[in-house]
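Welcome! Please open the structure in your viewer and get ready to select a few things along the way.

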Amino acid sequence: MKAKIVLLPGDGIGPEVVREGQAVLEEIARVHGHAFELSTHPIGGVAIDAHGTALPASTLSACREADAILLGAVGGPRWDDPAAKVRPEQGLLTLRRELGLFANLRPIRVSPHLAHCSPLKAERLEGVDILVVRELTGGLYFGLPRFREEKNGVVRAVDTLEYTDVEVKRVVRLAFQLASARRKRVTSVDKANVLETSRLWRSVAIEVSAEFPGVELEHQLVDSAAMRLISSARAYDVVVTENMFGDILTDEAAVLAGSLGLLGSASIGEGTRGVYEPIHGSAPDIAGRGIANPIGTIVSVAMLLRHSLGLESEARAVERAVDAAIAGGARTRDVGGETSTEAMGEAIRKHLQRNAS
Ligand code: NAD
Ligand code: IPM
Ligand code: MN
């Protein structure tokens, strides 16, 4: 098949991990006879440096014309001045919003080979298979007004937490659809004991659940969910939650997997176009050293092949290759090994070749 794929390496380790994601795409194209047209565009801090904006118009229009987008990470200490007018993160948020990517799917699985990398007891990790569906274009991240002001010597800052029933319904419905094809259990996470938006969220979740009689719905408050995610991870199937809660809970859930560098995600909307992104950031503490784990990006490539291009068997081949490389002993430093980013990518690609022949 023919497909246009935009690469947005971004900042810090972004270019290092996207390079490996790109190599996997090229290998899949070669082995399976696809024509992927790849183009690279600036976003985040590097775009601010070159163009004065975190999401240049040329990057956005390339993304609009693409079938899928693979993103590394944005941000870093160089652009972290709290008084800065433009921030790298704005580029990513605007991209998600402009493309209507209202849901971010973050699967959390634990490889038995890496269970020892988690500080949790191995028996608590057995069989963990969670899909977090994070709302991505609403809530505190986008609510207006948002400002900072000084009055009578007091500085005040305001962010706004806002959701409409339409925004909640579409993401909760997607969570139910996904749960229907899994273990048929949705956990809706909110703070309904305090927040009005959460009470709306909860009533919409109940309303949507009526459309899916075969799927069980439970509600959890976010504070206790944060605890249970660690203490009873196996109990979860699909977790659906608002933007900010989902951001925080998924970095926490990375502890189950053993490293933040292992988790990928798909940011999707109504159509098939999506942005595929590891859940981690630009990791300034290890950037430029060639030691970042590219697996989060490579499993995001698998999601790209599946959701945006409809290439299910190629997606599985990538997932199997990742598992096989891990089983074969390749380990980057975050999971206790010495394999470089590049060698990890190579180990994975080697299994792609083997699978095909
Ligand atoms: P981070 O996710 O970049 O790093 C947290 C820790 O995890 C660090 O110790 C880092 O070394 C480690 N880590 C992350 N990814 C790794 C990988 N692939 N392999 C090995 N180790 C890895 O979070 P942070 O340090 O809080 O944020 C740094 C910058 O990244 C900030 O500017 C933040 O805004 C940005 N950020 C961007 C995204 C994104 O672009 N999607 C996501 C999160 C954070
Ligand atoms: C993520 C990141 C982003 C978010 C930041 C960089 C805007 O933390 O993708 O998880 O909070 O959505
Ligand atoms: Mn995050």
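This tour goes from the whole chain to one residue and its surroundings.

**Stop 1: the whole chain.** Begin with the cartoon view, and keep in mind that this is a predicted model. Colour by secondary structure: there are twelve helices and twelve strands to find. The radius of gyration is 20 Å, close to the 21 Å that the globule rule gives for 357 residues, so the chain is as compact as a globular protein of that length. Along the principal axes, the C-alpha atoms fill a box of roughly 65 × 50 × 40 Å.

**Stop 2: surface and interior.** The chain exposes about 15,500 Å², with 52% of that supplied by carbon and sulfur atoms. Of the 357 residues, 54% count as buried. If you colour by charge, you will be looking at 41 positive and 46 negative charges, whose mean positions are 2 Å apart. Contacts are worth a look too: among those between residues at least 6 apart in sequence, 76% join residues at least 24 apart.

**Stop 3: Ser-267.** Hide the surface and select residues 266-268, which form strand S11 and include Ser-267. Is Ser-267 buried or exposed? Its relative accessibility is 0%, so Ser-267 counts as buried.

**Stop 4: the partners of Ser-267.** Show side chains here. The Ser-267 side chain makes a polar contact with the side chain of Glu-277 at 2.7 Å, and another with the side chain of Asn-104 at 3.0 Å. Leaving aside neighbours within four places in sequence, the residues in contact with Ser-267 also include Leu-101, Ala-103, Leu-136, Gly-274 and Val-275.

Notes:
Residues numbered from 1 in each chain as written. Chains lettered and ligands numbered in written order. Predicted model: local features only at pLDDT ≥ 70, side-chain atom pairs only at ≥ 80, totals over all residues. Heavy atoms only, no water. Helix = DSSP H or I, 4+ residues; strand = E, 2+ residues; numbered from the N terminus. Rg over C-alpha atoms; globule rule 2.2 N^0.38 Å. Buried < 20%, exposed > 50% of the residue type's maximum accessible area, 1.4 Å probe, protein only. Contact = heavy atoms within 4.5 Å. Areas by Shrake-Rupley, 256 points an atom, 1.4 Å probe, with all protein chains shown as cover. Lys, Arg positive; Asp, Glu negative; His and termini not counted. Charge placed at Lys NZ, Arg CZ, Asp CG, Glu CD. Polar contact = N/O pair within 3.5 Å; in protein donor to acceptor, adjacent residues only side chain to side chain.
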